[in-house]
Structure formats: structure tokens, C-alpha cells
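Biologist: Can we go through this one together? I'd like to start with the overall picture and then look at one helix.

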Amino acid sequence: MKKTLLALALAATAVAAQAKDIVDTAVAAGSFKTLATALQAAGLVETLKGKGPFTVFAPTDEAFAKIPKADLDALLKDKAKLTAVLTYHVVPGKVMAKDVKAGKVKTVQGGELTIATTGGVTVDKAKVIKTDIVADNGVIHVIDSVVLPK
């Protein structure tokens with residue numbers, strides 16, 4: 001009986017210690033409410049909860065606030081355009097900050113982000129303000145602006 005209880009306690013601890021997926025990690029951070037809303041509106045929550053790995057350049061609520069309210073509201077209602085914008089922020093694979101190199105990188109959306117490393121890292125001119133927020137299916141790097149596909 002004691003061995004069974006110990007095994008159950010260890011199993012429960014192991015489950016509790018597991019990292020969260022990208023969506024849960026972003027929601028728990030508290031500064032990605034607009035991103036979470038947009039992911040739901042685009043039907044991308046399950047995708048980013050998937051196996052991955054993914055690298056997400058995640059705009060904060062303040063980044064979304066830079067978009068005029070009418071434009072943001074229209075974007076949230078246009079599922080196709082919203083999906084394109086959101087998947088433009090996602091790169092296949094898990095790219096940690098130490099591995100970032102200047103140049104172009106292909107996004108899940110199909111376009112290319114331009115990464116610059118002079119004077120700090122930028123992604124299509126959006127500044128990376130926090131790096132390496134690890135999730136069990138990838139990594140999040142926080143950016144200060146929403147980037148739009150070309």
C-alpha cells in the first residue's frame with residue numbers, strides 16, 4: 001500500500017512538473033491576452049498546443065495596442081487575414097536566442113521574417129524584448145510590435 005501511494009505521489013509530481021505548451025505559457029505570462037484572443041479567433045490554439053516544436057515571436061498586449069482599434073477589430077473578424085498574420089509570427093523548430101543569426105527565416109505562413117542582430121535583435125524591425133521563454137513544444141521570444149506579412 002505504501003509503495004502504491006508513493007508511486008502515485010511521484011506520478012502526480014511528475015505531471016505537475018511538466019512544462020506547459022506555448023499557448024498555456026503565453027496565457028500564464030499575463031501580457032498576451034490579445035494574442036490569446038487572436039489565436040482563438042483564428043482557430044490556431046490547437047495548432048500551437050500541438051507537438052511542434054515552434055518558435056513564436058509573440059507580440060505583447062502593448063504591441064497590439066499600437067494597431068488602431070478599428071483596424072485590430074477588423075483583423076480579428078477576418079479569419080483568413082488573421083491566420084496569415086499570426087502564422088507569420090511562427091517559425092518551425094525551436095530556436096533559442098543563442099542560435100539566432102541575422103538573415104531571413106521562413107515562417108509557418110510561408111513568408112520570410114528578416115532577423116537583424118545589430119544593436120539587439122529585431123524581427124522585421126520589431127524589437128525582441130525578452131527571449132527564451134521555454135515551453136514543452138517550443139520557445140517564445142517577446143516582441144514589441146506586431147509584424148505583418150509582406
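Predicted model: local features only at pLDDT ≥ 70, side-chain atom pairs only at ≥ 80, totals over all residues.

Biologist: What percentage of the residues is buried?
Modeller: Of the 150 residues in the protein chain, 38% are buried.

Biologist: Secondary structure next. How many helices and strands are there, and in what pattern along the sequence?
Modeller: The protein chain has 7 helices and 7 strands. Their pattern along the sequence is α-α-α-α-β-α-α-α-β-β-β-β-β-β.

Biologist: And the contacts with a separation of 6 or more: what share is between residues 24 or more positions apart?
Modeller: Those residues account for 63% of such contacts in the protein chain.

Biologist: Now α3. Which of its residues are buried?
Modeller: In α3, residues 33–42, the buried ones are Thr34, Leu35, Ala38, Leu39 and Ala42. Seen down the helix axis they fall within an arc of 140°, so they line one face of α3.

Biologist: What covers them?
Modeller: The cover over the buried residues of α3 includes the helices α2 (22–29), α4 (45–48), α5 (61–65), α6 (69–77) and α7 (79–87), along with strand β1 (54–59).

Biologist: Which exposed residues sit on the face turned away from the buried side?
Modeller: Lys33 and Gln40 are the exposed residues on that face of α3.

Biologist: What follows α3?
Modeller: Gly43 follows α3, with a positive phi near 75°.

Terms used. Residues numbered from 1 in each chain as written. Heavy atoms only, no water. Helix = DSSP H or I, 4+ residues; strand = E, 2+ residues; numbered from the N terminus. Buried < 20%, exposed > 50% of the residue type's maximum accessible area, 1.4 Å probe, protein only. Contact = heavy atoms within 4.5 Å. Arc of directions from axis to C-beta.
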